[in-house]
Amino acid sequence: MNQQAPIASDDAGKAGTVRLTMAQAVARFLTRQMTVIDGETVPIFGGVFAIFGHGNVAGMGEALHGIKDTLPTYRAQNEQGMANAAIAFAKASFRRRFMACTTSIGPGALNMVTSAALAHVNRLPVLLLPGDVFANRRPDPVLQQIEDFGDGSMTVNDCFRPVSRYFDRITRPEQIIPALRRAMQVLTDPADCGPVTLALCQDVQAEAYDYPESFFAEKVWLPRRLRPDPQERLAASTAIAAAKTPVIIAGGGVLYSEASAALAAFAEKHGIPVVETQAGKSALPDSHPLNMGSVGVTGTSAANTLAEEADLVLAVGTRLQDFTTGSWALFKNEGLKIVGLNVQSFDAAKHESLPLVCDAATGLAELSADLGAYHAGSAWGEKAGRLKTEWQLAADAALAATNVALPSDAQVIGAVMRTRSSDTTGDTTLVCAAGGLPGELHKLWRAEKPGSYHMEYGFSTMGYEIAGGLGVKLAKPSSDVIVMVGDGSYMMLNAEIASSIMLGAKLTIVLLDNAGYGCINRLQMATGGANFNNLLADTHHVELPRIDFAAHAAAMGAVSRKVASLAELETALAETAGETRTTVIVIDTDPLITTDAGGHWWDVAVPEVSKRDAVGEARRAYERALAAQRVG
């Protein structure tokens, strides 16, 4: 039987074109996108995470195989996990580089929707390439295809629309030309940055087209440094120059702009204390005399006291979410003015701020020039210094070593810092996400280098930690990546431990087992609720699970230990520092203890009506607290 020879992927088409399948065109395009890091031109895509199925294995799978020596493809265990890892890679790279993720149609695609929302909230770039239905609809309904009774064009990938900065469905091979160009604009734009979803119809992935060779020309993407508008700059500098008790809030935008040096210079010249959001922590070294630490609900006493008294807040690269503002009850000064320095006008103008739409590094430099010799004054600086000293004493007490049977999260943090922080290893990156740990780490972890504190708290995604650690390690292979995770979050998404073993990407995972969702249990208690359905002991159960986390991690190939004390934890951390494989160290902790020092009220609605007295009392306290909120 005669068989027609397959058309090679690099066959020439018409003059000035190359004939490729749509999937091959996507893959080749990705390899041609570049950026410049430390003077070296490098690929802007760090790789592609892929789990193949019938919706992408023949198209994208074959195309990625063809470029595997140029653009690596990483095999993950879970679609959400791989997308989380890709997002963490972008965050650890300060948004200068990023990754793509491809999945099959159906549940594989939808597993990435949570990650898309995570990236959307945190303004982080990731290219999502889920498989989709047949554009020609001949075999409809195909495996894993939903059917909307009133809309024949609807597919599960429409779920990505509200959590994507740009969404497109590719139903013809030539549509990828404008779609990929638009995707790159969004992924590299400092203001519009976020997830891009290109849903790739599976039949179209395999269709060939004569693509113009110019489409595959190498292109270098450099960060846009937006300068402030002169009128906005004048209004901002005038407001700051009149301030007696100003404070700077440093958000994630400082890090993404790589503006740490500009922030330090601005704060020092003008004598303005700096407080940090979760995303902005590490923008200024913790040891810097003007760094007052974390602000808001999980803030230090120093930062929150100054924020309460501030007559002006310079909010740099922050979206001013409720944890930062104490649900807008933190700022007490009646004459408060806010200057919103941000690349995104949506964020810059929040809460009647004076908007200063610009790049953080550029804006701080130009604003400083406008302010000239302005200085907030020695009294304000001296007060900040006293408050910082007082906070450090309180933090030292929370972090101190102890021989208690069940240590607190803070005491475990202290053990990790004493053994494996940047002060002891030279290059450590701390990774965490959800639960009670982020609050304790925000207050207590002492980050000295930009990006050494990696927290996903914009979406507070349980299960991010281990996959996120993998992404950080791929972005920063020389860094000692420490992942701190609770037992609840570990149970939700731990499979990327196996991926880290496969890739030789060594993580040190410290697993704090408090036998439940300790953070939410404490919140439940604080709002008058009964202990219910959070700690395992308070769930509806016939028998409580006895999970051997160390054995579980070992079964995936990790080096693992269960330790019985903080002293054993420090010994295990020291002894495993030289391990080449991912290491999991498990320690039991107390679910009820949290650091009392610092912090601020958070708006969590309490029922107006309840038969329980504790709820009624909590409601009355809640109503009193509401009176302090700044409305609008």
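Tutor: Let's settle accessibility terms: buried means under 20% relative accessible area, exposed over 50%, and partly exposed in between (1.4 Å probe, protein chains only). The model is predicted, so local features need pLDDT of at least 70 and side-chain atom pairs count only at pLDDT 80 or more, while totals for chains, interfaces and linings use all residues. Residues are numbered from 1 along each chain as its sequence is written, and side-chain values use heavy atoms, with hydrogens and water left out.

With a salt bridge taken as a side-chain nitrogen of Lys or Arg within 4 Å of a carboxyl oxygen of Asp or Glu, the count comes to 24. One of them joins K332 to E308, the closest N and O atoms being 3.9 Å apart. This pair links distant parts of the chain, 24 residues apart: K332 is in the loop between α12 and β16, and E308 is in helix α11 (residues 301-309). Helices (H or I, at least four residues) and strands (E, at least two) are DSSP runs, numbered from the N terminus. K332 is partly exposed at 40% relative accessibility, and E308 is partly exposed at 29%.

Now for R420 and D480, whose side chains meet at 2.9 Å, N to O. Here helix α16, which holds R420, is linked to strand β20 (residues 480-486), which holds D480, across 60 residues. Both R420 and D480 are buried.

D189 and R224 pair at 2.8 Å between their closest N and O atoms. D189 is buried at 16% relative accessible area, whereas R224 is partly exposed at 48%. Finally, D132, D158, R161 and R169 are linked in a network of salt bridges.
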